[in-house]
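Here is a short report on a two-chain model. Please keep the sequence and the coordinates open while reading.

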Amino acid sequence: MTILTLDKIELEKKVGKITPEIENKITEMGTPLENSNENEISIEIFPNRPDLLSLQNFARALNQFLGKKEPAEFKINKPEKDFQVTIEKSVKNIRPYTVCAIVKGMKFDDKKIKEIIDIQEKLHNSIGRKRKKIAIGIYPLEKIKLPIRFKALPPTEISFQPLEYPKEINGKQILKNHPTGREYASLLDGAEKFPIFIDANNEILSMPPIINSEKTGRITESTKDFFIECSGSNLSYLQKCMNIILSSIYEMGGKIYEMEIKDEKEGNSISPKMQPQEMKFKIPDIENTLGIKLSEKEIKKYLEKMGIKYENKNNQSTAVIPCYRTDILHWIDIAEEIAIAYGYENFEPIIPEISSTASEDKMSVTKRIIGNILAGLSLIETSSFHLTTKKNIKKMHYDFKDFIEVEDSKTERDTLRIDILTNLIQIISENSSAQYPQKIFEMGKVFEKTTDENSETGIKETEKLSIALIDESINFTEIKQILDYLFKMLDMKYEIENTENSNYIIGRCGKIIVEGKEIGLIGEIAPRVLKNWKIKMPISALEISLDFLE
Amino acid sequence: MDENLIIESLSPIERTLLPKLEKDWKEIKELSKNAATDQTSALRGIGFLKNKELVETKTEEEKVVDLGILGIHYLKNELPERILLDKLQERKIIPISEIKNVCGLNDNESKVALGTLKKKAFVEIKKGRLEITAKFEEINKKMPEELLIEKLPLKLEEIKDLEKLALENLRSRKDIVEIKDEKKIFVKLTPLGEKISKYKIDDNLIESLTPKIIKQNSWKGKKFRRYDLSTPVPRIYGGKRHFVNQATDYAKSIWLEMGFKEMTGNMVDTSFWVFDALFTAQDHPVREMQDTFFIKNIEGKLPKKKDKEDKIIETVKKSHENGIDGSLGWRYEWNEKDSKKVLMRTHTTCLSARKLREIGEKKEFPTKYFALGKCFRNETVDWSHGFEFNQTEGIVVDENANFRQLIGYLKQFFKKMGYDKIRIRPGYFSYTEPSLEIDAFHPVHKKWVELGGAGMFRPEVTIPMFGKHIPVLAWGPGFDRIITQFFKITDLREMYKNDINKLREMKVWKK
């Protein structure tokens, strides 16, 4: 979950007083208000709206939503001399793309510098996937000499002073010695060459996606003009990301200049691409999806509230989507934009008359019937976790080996349960202070590995019922009485055959057989097991699979 | 209450106790002795009398010195020092090494016995042998320690200065004496009690109705002793379904009443059905290990149709890479291996995905399905997060389905779950558009709390299933959070703790 925390006074300068009514509007816009106090306002930004991750962009969207601002248009200036970046072949198989721009005439102050760094960080961590997909760099123009080259060199041949570091070191050392280097080292794992931006004076600007140079990669309050780049492997994401930052910088008063990108492999292009994108849609599709009638005028009004222009081109409804939006993939996304502008609270709920026959899953019905029968015998139903520990399983099934484990569990539970009885006995062991007798049962799934060709997961899931009774003088009779009653109520017959199982006392353990098929075990629990759980009284128990009832 | 009624409601124990009570304080112990009954019954009887306002009670606490386990033993068999002294008188001289055997004492006892006698200057050790040095009369007088244990139990304050030293000596030795806090309960009659106790109490009331009395008609003309109906009775507990299951049964009935069919399925599934078929990009954070329980060392299989690869795989790949039906897609290279990863389902929406595929093949719609089952997230557990929780899932497949209907179904469900005030606001899920979140107003915290999400499946999800875009309403609010308010659970860790006392006491689901 990404939370955007904004300086309330700065935001109010842009959008006016934030009243409780405006706070509601913020939530209605699809950016739920998390917190609001005198100084700060926090909102949640959904992962599909990285474009809202800055004060400037958020304020623009809110103003549009409140009907105070038109959809944005960006005036971009043509490239000046040497506004060029060459992408050399050497970098194409490591970090193949970069999109770039020059910004002039910015008036930086503390707050603005912080804001820029903040957007950068937020984009790195959201759509940038912790710099894996996107890394952004900004360099004051007065410190570098254009044109720029984007190339790759062996790490030992890369040498510069990284940000926040006292001296010049090579690429390899950066990954080893610099804290940021260590944090992101895995992103260059296995690369023989590392990517760098280098200027016309052969000065290294940065080694993306790791770090900038201390000499050229730091903006200060005196910075007015700068070079900005995004590098990564997916060109369309890079372009979107660049547009998000530039649209924010544009709001801050920066003048944006295009650059020529000379890709040695893919040819020349111009960057950034801040033209809006057009998407055609049909008004009836929107109406059917939302269940409301909409005139063209209303569509236009609602889209504009979402910062999107509406045009009717040759009788084709067209949404003109600003360059910073990354989330409009299909006309269905236009439908949601209109729904948000219309106001979710304004939709009148209806329940249609579709005739359909209800039916409950057979196993659910069975489980409810059994649950009610057992509750009628004063048994208490428990509900325990499907994930347990190997140690717990081993307290019962000491020679069990075929564990199904999950990777990197954040709790101690990292193994799927193989039976329910182990859970019941654990529950009993944790309830020694509760009054005896304790009679408990549970129904649910247990897991085992399978070699069945038709299984997509290689794991078989079986519904089981387990019952455990504990008291000073509990024995086989009580548990068999319950089994008897249960089968009588279900109008079914079973047989018991002697068997041996290490969890039960020898001579007091039986297989339960229904129509010639073994469905489970019943008996008195072996004292070894009781000792393992520090249980001081006898337990009689059973566990059966419920498949036979289907 | 009428005095006669009071008399008629006196139970046998009350009738026994009443004449033994006075207007001055009397200790319960003494009272039970006088009334020839045990203390527990007397206490119960006093309780009844107190309810009728016939007696008053007060409790005093005091420290009492009493014998410990060894003390009781020594009282019967003499203190070790006395045993030693007796033997010494008999034999005159005992070698130190033989004290144990001669006296039948253990190591510790013989050491203590010797030490005590030396301290009192009764004996002397000469060349490893013990001899008596004190006079005969002195020796045969009872020692203060002996006197004290004979007098116990005593109130601590009653111990005289002379006895205090003996008490200290005994206390320094284990288990001979102990100081206990003792509660004493005193009881006396109230003015009303005095009055009642003066009446002649008719003991001709019937206490219990027996088969004999019924048969012989001997109840005729007699009165039954009146019960005090407000008297508390011992607690009993019944068997019951787990409270979460009581609530899930109810929630299922809501969906069934609205004509939904139940869908169920595996808790372990492949990433293909949990993520890919739901248009969740392969680099989406939810697919990382820190959020999801992937199963170790198992590679799953993609769906098959009659031994051939299912066509759906190709369409899903296309929808992710370059999009279908005019969609732009996620624009990356879709990797089959990632979709074969096996995991604990992170949502029940994988059941919807599989069901949609089935419905699409059979072309059986309009139709409505629901599921209610466990989901798994690799979370650090705290009061508001569990790693296993229930989700209530639903889909409506209908060419005429729309957003208003989605809100209609959800409002209806939440209303029946006891939430009258809910808010619908925009939300985001990679597989639905439009998407919404449902909030409920928390009456105690006075703020909106999130209950769950819903939406309409995106064309990128429905087209691989149906061959074209069919509107599908879909929802999957977390269920456990919805029911915490009813059961007054403030910490989600309580849900599956299985504290038997709590399960016994927990009220039943009722909406």
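## Basis

This is a predicted model, in which local features need pLDDT of at least 70, side-chain atom pairs count only at pLDDT 80 or more, and totals for chains, interfaces and linings use all residues. Residues are numbered from 1 along each chain as its sequence is written, chains are lettered from A and ligands numbered from 1 in the order in which they are written, and side-chain values use heavy atoms, with hydrogens and water left out.

## Chain A

Chain A has 15 helices and 29 strands; helices (H or I, at least four residues) and strands (E, at least two) are DSSP runs, numbered from the N terminus. Its radius of gyration is 33 Å, well over the 24 Å that the globule rule gives for 550 residues, so chain A is more spread out than a compact globule. The radius is taken over C-alpha atoms, and the rule is 2.2 Å times the number of residues to the power 0.38. The C-alpha trace of chain A spans about 95 × 65 × 50 Å along its principal axes. Of the 550 residues in chain A, 56% are buried. Buried means under 20% relative accessible area, exposed over 50%, and partly exposed in between (1.4 Å probe, protein chains only).

Helix H3 of chain A covers residues 55-65. Eleven of its eleven residues are buried. The buried set includes the charged residue Arg60(A); here Lys and Arg count as positive and Asp and Glu as negative, while His and the chain ends are not counted. Among the others are Leu55(A), Phe58(A), Leu62(A) and Phe65(A). Gln56(A), Asn57(A), Asn63(A) and Gln64(A) are buried too. Just after H3(A), Gly67(A) takes a positive phi of about 80°.

## Chain B

Chain B has 22 helices and 19 strands. Its radius of gyration is 41 Å, whereas a compact globule of 511 residues would have one near 24 Å. Along the principal axes, the C-alpha trace of chain B spans about 120 × 85 × 50 Å. Buried residues make up 52% of the 511 in chain B.

Strand E2 of chain B runs over residues 55-67 and holds Glu61(B). Glu61(B) is exposed, at 58% relative accessibility. Glu61(B) and Lys184(B) are 123 residues apart in sequence, yet their C-alpha atoms are 6.1 Å apart in space.

## Salt bridges

The count over all chains is 85 salt bridges. Each one is a side-chain nitrogen of Lys or Arg within 4 Å of a carboxyl oxygen of Asp or Glu. One network links Glu360(A), Arg368(A) and Glu381(A) with Arg241(B) and Asp249(B).

Glu207(B) pairs with Arg225(B), with the closest N and O atoms 2.6 Å apart. Glu207(B) lies in the loop between helix H12 (191-198) and H13, and Arg225(B) in the loop between H13 and H14, so the pair ties together parts that are 18 residues apart in sequence. Glu207(B) is partly exposed at 28%, whereas Arg225(B) is buried at 12%. Glu262(B) bridges to Lys252(B), the closest N and O atoms being 3.3 Å apart. Glu262(B) sits in strand E8 (residues 261-262) and Lys252(B) in helix H14, so this pair ties together parts that are ten residues apart in sequence. Both Glu262(B) and Lys252(B) are buried. Lys58(B) and Glu60(B) form a salt bridge with a closest N to O distance of 3.5 Å. Lys58(B) is partly exposed at 30%, and Glu60(B) is partly exposed at 35%.

## Surface patches

Which residues form the nonpolar patch on the surface of chain B? They are Leu209(B), Ile214(B), Trp219(B) and Phe224(B), with about 380 Å² of accessible area together. Areas come from the Shrake-Rupley method with a 1.4 Å probe; for residues, only the protein chains shown count as cover. Patch residues have over 30% relative accessible area and no salt bridge; like charges are joined within 9 Å, and nonpolar side chains (Val, Leu, Ile, Met, Phe, Trp, Tyr) within 5 Å. Trp219(B) lies in the loop between helix H13 (211-216) and helix H14 (243-257). Trp219(B) is partly exposed, at 35%.

A patch of positive charge gathers Lys488(B), Lys507(B), Lys510(B) and Lys511(B) on the surface. The place of a charge is taken as NZ of Lys, CZ of Arg, CG of Asp or CD of Glu. Lys510(B) is found in the segment after helix H22 (500-505). Lys510(B) is exposed, with a relative accessible area of 65%.
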